Amino acid sequence: MKAVYFNQHGDESVLQYGALPEPQVATGKVLIQIKACALNHLDLWVRRGIPGSRLPLPHILGSDISGVVAEVGAGVAQVKVGDEIFVSPGTSCGVCEWCLTGVDNNCRHYGVIGENSSGGYAEYLAVPGVNVMPKPANLSFVEAAAFPLTFLTSWEMLVTKCRVRPGDFVLVLAAGSGVGVAAVQIAKLHGAIVIAAAGSAEKLEKVKNLGADFFINYEEQNFREEVMKLTSKRGADIIFEHVGEKTWPESIKTLARGGRLVTCGATTGYNATMDLRYLFSKNLQIFGSIMGSKGTMLRLADFFRAGKFKPVIDRVLPLAEAQQAHRILARREQFGKVVLEI
């Protein structure tokens with residue numbers, strides 16, 4: 001099969017387009033003929049090399065996958081050959097306490113397809129049957145690849161962790177990113193007042209179409225000062241963080257009393273600092289968050305079927321242009337998702 005893979009960690013030049021053996025279908029697994037695979041910042045981190053992580057090489061990236069069932073392994077009954085599907089990207093043991101209580105993203109063996117195992121930058125991929133979910137019929141394959149990881153992550157952050165409420169002021173940092181555009185839509189669905197922050201006027205103009213209420217260009221404005229103006233010095237009830245080192249100290253100071261900060265990443269660096277006096281004197285809460293459960297993924301698909309959410313796609317490139325797709329993501333040139341069509 002044709003695939004994009006790497007044999008060593010490094011910049012986007014390590015990505016190779018060529019032929020690799022087609023995966024075999026084992027018991028409990030399903031072979032997917034992939035139609036589309038969206039990129040995430042996770043792909044860049046894995047390609048560069050995550051400290052302490054050792055991957056069998058060559059490795060194929062890609063967590064957000066849609067396609068058609070090509071073969072069904074023994075023990076899988078819920079899908080059949082020819083079904084149009086998308087893949088829930090999180091994998092777990094299925095038998096521990098967390099898995100059996102429906103919080104599989106807390107499993108000690110939790111992994112992400114494309115990070116801990118082969119991913120979707122290829123023509124075929126074998127995945128556990130429990131990860132295969134029916135594609136919403138109103139979405140194209142490209143659209144169906146553009147929502148799983150980011151919307152699942154954002155829902156877990158805002159709804160499960162922060163319990164977003166009507167009237168909450170929600171500051172979404174990097175609102176033009178994949179998780180950012182998901183966060184704006186999820187917060188608005190729950191009646192929140194959304195303050196979208198991004199690094200360019202062009203991105204902020206696009207965020208308006210997603211329903212955000214206020215807009216901050218943090219390359220030209222101090223986002224803390226602007227939030228305080230917009231909230232009459234109250235501050236943000238929820239801050240949606242994934243920028244990390246660059247924004248963390250100001251994010252803490254921007255929270256309202258009893259405010260919640262939730263983070264799923266650190267694109268500008270991991271060594272964030274904070275003044276602990278803000279934490280205890282203002283009764284703040286800080287949440288770390290990774291992905292979400294398979295049950296939540298099924299529920300999110302229903303929102304897309306009902307037209308409550310829409311995938312936001314920046315551009316579609318052929319699989320062979322994966323290097324260019326990585327460059328676009330690394331430079332933060334995209335608004336929404338970059339998708340590889342296969």
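Among contacts in the protein between residues at least 6 apart in sequence, what percentage join residues at least 24 apart? The share is 70%. The model behind every view below is predicted.

**View 1. The whole chain.** The protein's secondary structure comprises eleven helices and 17 strands. Its radius of gyration is 20 Å, close to the 20 Å given by the globule rule for 342 residues, so the protein is as compact as a globular protein of that length. The C-alpha trace spans about 60 × 40 × 40 Å along its principal axes. Buried residues make up 54% of the 342.

**View 2. Alanine 3 in strand S1.** Strand S1 covers residues 2-5, and alanine 3 lies in it. Is alanine 3 buried or exposed? Its relative accessibility is 0%. Buried means under 20%, so alanine 3 counts as buried. Aspartate 302 is 299 residues from alanine 3 in sequence. In space, the C-alpha atoms of alanine 3 and aspartate 302 are 31 Å apart.

**View 3. Helix H6 and its two faces.** Helix H6 runs over residues 201-208. Which residues of H6 are buried? They are Lys203, Leu204 and Val207. These residues cover an arc of only 100° around the axis, which puts them on the same side of H6. The face turned away from that buried side carries Ala201 and Glu202, both exposed. What covers the buried residues of H6? The cover includes helix H5 (178-189). It also includes two strands, S11 (193-198) and S12 (214-217).

**View 4. Helix H1 packed with helix H11.** H1 spans residues 41-48 and H11 spans residues 322-330. The two helices pack at an angle of about 110°. Their axes are 10 Å apart. Angles of 65 to 115 degrees count as roughly perpendicular, so H1 is roughly perpendicular to H11. Which residues make the contact? From H1 come His41, Asp43, Leu44, Arg47 and Arg48. From H11 come His326, Leu329 and Ala330. The residues of this contact divide into three nonpolar, two polar and three charged.

Notes:
Residues numbered from 1 in each chain as written. Predicted model: local features only at pLDDT ≥ 70, side-chain atom pairs only at ≥ 80, totals over all residues. Heavy atoms only, no water. Buried < 20%, exposed > 50% of the residue type's maximum accessible area, 1.4 Å probe, protein only. Helix = DSSP H or I, 4+ residues; strand = E, 2+ residues; numbered from the N terminus. Arc of directions from axis to C-beta. Contact = heavy atoms within 4.5 Å. Axes fitted to C-alpha atoms, helices over the stretch in contact; angles between N-to-C directions. Parallel < 35°, antiparallel > 145°, perpendicular 65-115°, else oblique. Nonpolar A, V, L, I, M, F, W, Y, C, P; charged D, E, K, R; others polar. Rg over C-alpha atoms; globule rule 2.2 N^0.38 Å.
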